Amino acid sequence: MRSIGRAKWLCTVVHGGMMGVRLKAQTHSFTSIGLYSNPKEDPIKLIVDLRSSSSGSVELKKKLEQSGVAASPELVVEILSRFRNDWESAFTFFLWAGKQQPHSAREYHSMISILGKMRKFDTAWALIDEMRTCAASGLDSDCSSSLVTPQTLLLMIRKYSCAHDVGKAIHTFYAYKRFAFETGMDDFHGLLSALCRYKNVPEAEHLLFCNAHVFPFNTKSFNIILNGWANIIGSPRNAERIWAEMTNRGVLHDAISYSCLISCHSKSSNLTKVLTIFRRMKKLNVEPDTKVYNALIYALGKAGHLSEATNLMKTMQEKGLAPTIVTYNSLIKTLCKAGEIDQAKHILHQMMEQRGLVPTIQTYHPFFRVVTTGDQVFELLEKMRSTGCSPNTDTYIMLIRKFCRWRQLDNVFKLWSEMSENGAGPDRSSYIVLIHGLFLNRKLEEAHKYYTEMIDKHYLPEPRTEEMLQAWFSGKQHTSKFQTTDGEVDPVDRTQPATNTKLVIYKKSPQEKDFRQQPESRKVHSKERNAYGSIYLGYVQPCFDPVESFIDIVE
């Protein structure tokens, strides 16, 4: 596919393909945007306002073309960050900005990340194909330059892993050679880390053993799998099994190995096991690093030994190991859980004033979990922003859920508006939390309104959410049958379905389902085979190995 034809196809995907999508109607007009007459003052706010006032991508495209805004690499990255949960608007802006000047690899990666998150893999691969051409870099047609790097393919591997499409993730790893990249041990570690990060640990373990003759065993490879079982899945039994496997195969345990195992048992509140492992580590003359001490501090704090956890942090400093932000976050988290709020605030002050560390989102989340009033929430938000730390989507979700429990819906909608203005969301999880919170507060009409808005944005709802709203809607229809000619309704409350009523949920046929709500899957026509397994259309045929008796086989 030539670059001109590819550009036309990309425009068709986002502009022509979305014409049939039912989008939420907006009451704002284009001329109502106050900054339109002088876009140079604040182009970011202007573009955000343009999206808010647009009823679809076609209208947004026209407004961008008439805005007079000059696209810069910094502007593209910032807008894509703000539109990361709205792939259609992000892609429309990306195509518009690309007409002014060629995109850099960083901008392509930002857009590919958004498309991968929404499972638009075909479109993401089309951008990668465009990165390979000279048109993407603004050079002559006979040039062989390319913006594609191993990091580009690793990004796709991570997105496939997030979608639990292990076969496509492995196939992308095998595609390194087709992009003239040599696959080394670091690239293999990247594949294993991506799989484990999104809980595909059994498949990652199988790949490790299956490819031992291509990528020999080493400590780092086993540590990735060990961390997957220990901290991602949280299975002490499997973590101990991998630990024993390392011993049996002659692979040395390092400080990272011990920190993974200590962290695993600390999360399962097994302080005795944690201390036993630490003593074994000291006996074998393995010097503990910061990660080991962080895991120990968390284990002691979680078990209620707060003074010992604080003293251990002082011991770190005596041994020349400076506490990191993770160290302080672990201590603050355990102190807040124990109700020692004043002491947690003292540690936060010490971290900022004496160590000069900047708080992170994880620093403030424990404080948000223990606040008891709305005023305290907004006071903490202001303090958080004053330190240069902005709330993210997880922060807003936690606070929206909290205010829904407190039945303070005014604060719920205040945070919802603030989240949209700050570019932190809303995403699929935000909608689900809001809808459930409104439903539990018996704000059924509002819950249905946001459910419709969620569907309009092509977010797939949870089955529980669909059943909940379908049950309410069925009860609402049932109520209308009892309405009299005077407009009075039967006094029986029928806003909830009767307990003896069988709920039937309408299921759409595959032909009726919106194709944009389905993940894209690129067809692979080549039949290639190597040491990683036979790959046919993304299917992985596992190699045979004696460890198959206790690991899951990749389907």
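The secondary structure of this chain comes to 26 helices and 3 strands. The model is predicted, and every value below was computed from it. The chain has 555 residues, of which 49% count as buried. Its accessible surface comes to about 28,000 Å², and carbon and sulfur atoms account for 51% of that area.

Contacts show how the chain folds back on itself. Take the contacts between residues at least 6 apart in sequence: 64% of them join residues at least 24 apart.

One pair of helices can be followed in detail. Two packed helices are described by the angle between their axes and the distance between the axes. For helix α20 (residues 361–370) and helix α22 (residues 393–405), the angle is about 5 degrees and the axes are 11 Å apart. Angles under 35 degrees count as roughly parallel, so α20 is roughly parallel to α22. On the α20 side, the contact is made by Ile361, His365, Phe368 and Arg369. On the α22 side, Asp394, Thr395, Met398, Leu399 and Lys402 take part. Sorted by class, the residues in this contact of α20 with α22 are 4 nonpolar, 2 polar and 3 charged.

Tyrosine 176 and phenylalanine 181 are both buried. These two residues also belong to a cluster in which ring pairs link Phe173, Tyr176, Phe179, Phe181, Phe188 and Phe215.

A further pair consists of tryptophan 243 and tyrosine 258. Their ring centres lie 4.9 Å apart and their planes meet at 75 degrees. Planes over 60 degrees apart count as edge-to-face, so this pair is edge-to-face. The pair links distant parts of the chain: tryptophan 243 sits in helix α13 (residues 236–248) and tyrosine 258 in helix α14 (residues 255–267), 15 residues apart.

Are these two residues buried or exposed? A residue counts as buried when its relative accessible area is under 20%. Tryptophan 243 has a relative accessible area of 7%, so tryptophan 243 is buried. Tyrosine 258 has a relative accessibility of 2% and therefore counts as buried too.

Technical notes: Residues numbered from 1 in each chain as written. Predicted model: local features only at pLDDT ≥ 70, side-chain atom pairs only at ≥ 80, totals over all residues. Heavy atoms only, no water. Axes fitted to C-alpha atoms, helices over the stretch in contact; angles between N-to-C directions. Helix = DSSP H or I, 4+ residues; strand = E, 2+ residues; numbered from the N terminus. Parallel < 35°, antiparallel > 145°, perpendicular 65-115°, else oblique. Contact = heavy atoms within 4.5 Å. Nonpolar A, V, L, I, M, F, W, Y, C, P; charged D, E, K, R; others polar. Buried < 20%, exposed > 50% of the residue type's maximum accessible area, 1.4 Å probe, protein only. Areas by Shrake-Rupley, 256 points an atom, 1.4 Å probe, with all protein chains shown as cover. Phe/Tyr/Trp six-rings, centres within 6.5 Å; stacked < 30°, edge-to-face > 60°.
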